[in-house]
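Please follow the aromatic side chains of this chain first, and then turn to its surface.

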Amino acid sequence: MTRLFLRFYLGVIVILMLAWLILSYVYQQRTASQNIRVIEQALSGGARLAKARLEALPRAQQAAELARMEASFEYPVRVRAFDPERYPARVAQRLREGDVVLRGSSILITARDNEQLIRLGPLPSFVGPSQRELLLGFGAVFLLSAIAIAILLRPVALQLRGVERTASAIAAGDLSARIDASPWSRSLPLAAAFNSMAERTETLLRAQRELLQAVSHELRTPLARIRFATDLIESSPNEQQRQKRLQAVDTATQELDDLVGELLTYVKLESETPTAAWEAIELEELFADLIEAQAVLNPEIQFAKSVSPAPCYVPGERLRLSRAIGNLIRNAARFARQRVTISASQSDSHTLITIEDDGRGVAEADRERIFEPFVRLAKSEGGGSGLGLALVRRIVTSYGGTVGVEPSPHGGARFWIRLPHGERE
C-alpha cells in the first residue's frame, strides 16, 4: 500500500514539474519573443531618427550631435564600426538589412552603408518580474502544491493502509478485525463502508455456522429413530409389531424429508435473487385459497378473513407471498383453540396483513427469538422443523418489509406483515 501511495504521489509531482517546465518554456519562447518585437517596433522611430541625423553630418561633427541626442533620449547613444562577427548570423543579417534590433538592453541599427553601428542604450529597465523571479515563483507554487497534495492524500493513504491490514487479518481468520475508528476514518466513508461489509460478513458466517450446528442437531433425532426402529424390526414378535415399527420408520423418514425440504428452501431464499415476474396479487382471493387448504386439515378451527379496501392488491411473487402467509396461518391453526382471523388493510405507504389466533400467545421474551432458525418454544404443541417462521421473515425481508408478533385481542398471538408499496429491490 505504501508503494501505491508513493507511486501516485510521485506521479502527481512529475505532472506538476512538467507543468512548471511547460509554463517556463512558453514564457521564454513565446512571451519574451513577442515582447522583443513590440519593443523594437516602439523604439525603431527614435533609432532611425538618430541614424538620419548622424548620416547628415560629417564624421567630425558626430560627437557633438551624439551629446545632444543623449540629452534628448536620456540614455547613452554610441557609434562604432560595425563588426558582423561579434553577433549571431541572424542578428548580423537583420542589421545588414537595416532592421532595428534589440540586443540585450540596447537598440542597434547600422548607418553609412553598414560601416557604422549606432547603439542606443542600455535602456531603462522594465518594471516586472525577472526570469529568475518567475522561476522562483513557479517553484514556490510547485512546493505548496506538493505539500497540499501530501496533506490531502494522507487520510486516504491511512485508510487504504487500514483496509489492507484489516483485509489481511480477516483473510487470516480474524473475522472481528475492523479498521480503527480514528478521526480520519470517521470523516471519510471508505472505512465505514469496509467495517460495515466486514460486520455483515462476520454476521453471515456466524449465522451459517450456527445454522450448520442446528442442522446437525436436528438431523440426529429422526436418524436415531430410524436406526432404532430398524434394529427392532428383526426382533419383532409378530407382524403387527413389525408393521408398527415400519410405520415409525416411515414417520421419521417423512420428518427427515420435511426438514431437508424446509432447509433447502431456507438456504435458497438466502442466496437466491428473485427472478420470477412480479404480479398484482389480490389478497382476498389468496386468503381464500390458503384458508381452504388449512380448513381441511383443521376442521375444528373456525377461519375468518377481512380485507379493506376490497379488492386489495399487493405487487410480488405469488408463490413466495403465499408461502409466507400460509406458514403463519398454519402456525396459528396449530396453536388456536377455536378461531383464526386473517385480515389485510392498506394505507398510502404500505399494506398490513395480520393473522390472529385465540391460543395462549407468545411470551414477550420469545417474540423475536421465534423468527430465528430451528427455534421451538418449550411446551410447543405439534411438530415442525423450526424453520417456518424463519422462512416468513426471509421472504418478507426480500420484499423490503417487516414481520413481528404481538398479543391479540382474542387472547392469543397476532402476527403481522408490513409490506411497503413500491418496486422490487
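Phenylalanine 82 is buried, with a relative accessible area of 10%, and tyrosine 87 is likewise buried, at 12%; buried denotes under 20% relative accessible area, exposed over 50%, and partly exposed the range in between (1.4 Å probe, protein chains only). The model is predicted, so local features require pLDDT of at least 70 and side-chain atom pairs pLDDT 80 or more, whereas totals for chains, interfaces and linings use all residues. Residues are numbered from 1 along each chain as its sequence is written, and side-chain values use heavy atoms, without hydrogens and water.

Rings of Phe, Tyr and Trp (its six-membered ring) pair if their centres lie within 6.5 Å, with planes under 30 degrees apart counted as stacked, over 60 as edge-to-face and the rest as tilted. The count under this rule is 2 aromatic pairs. Phenylalanine 82 and tyrosine 87 form a stacked pair, 6.5 Å centre to centre with 20 degrees between the planes. The rings of phenylalanine 371 and phenylalanine 415 have centres 6.1 Å apart and planes at 75 degrees, so this pair is edge-to-face. Both phenylalanine 371 and phenylalanine 415 are buried.

On the surface, Val14, Leu18, Leu21 and Ile22 form a nonpolar patch with about 390 Å² of accessible area together. Accessible areas come from the Shrake-Rupley method with a 1.4 Å probe. Valine 14 is partly exposed, with a relative accessible area of 45%.

Conventions: Patches are made of residues with over 30% relative accessible area and no salt bridge: like charges are joined within 9 Å, nonpolar side chains (Val, Leu, Ile, Met, Phe, Trp, Tyr) within 5 Å. A salt bridge is a side-chain nitrogen of Lys or Arg within 4 Å of a carboxyl oxygen of Asp or Glu.
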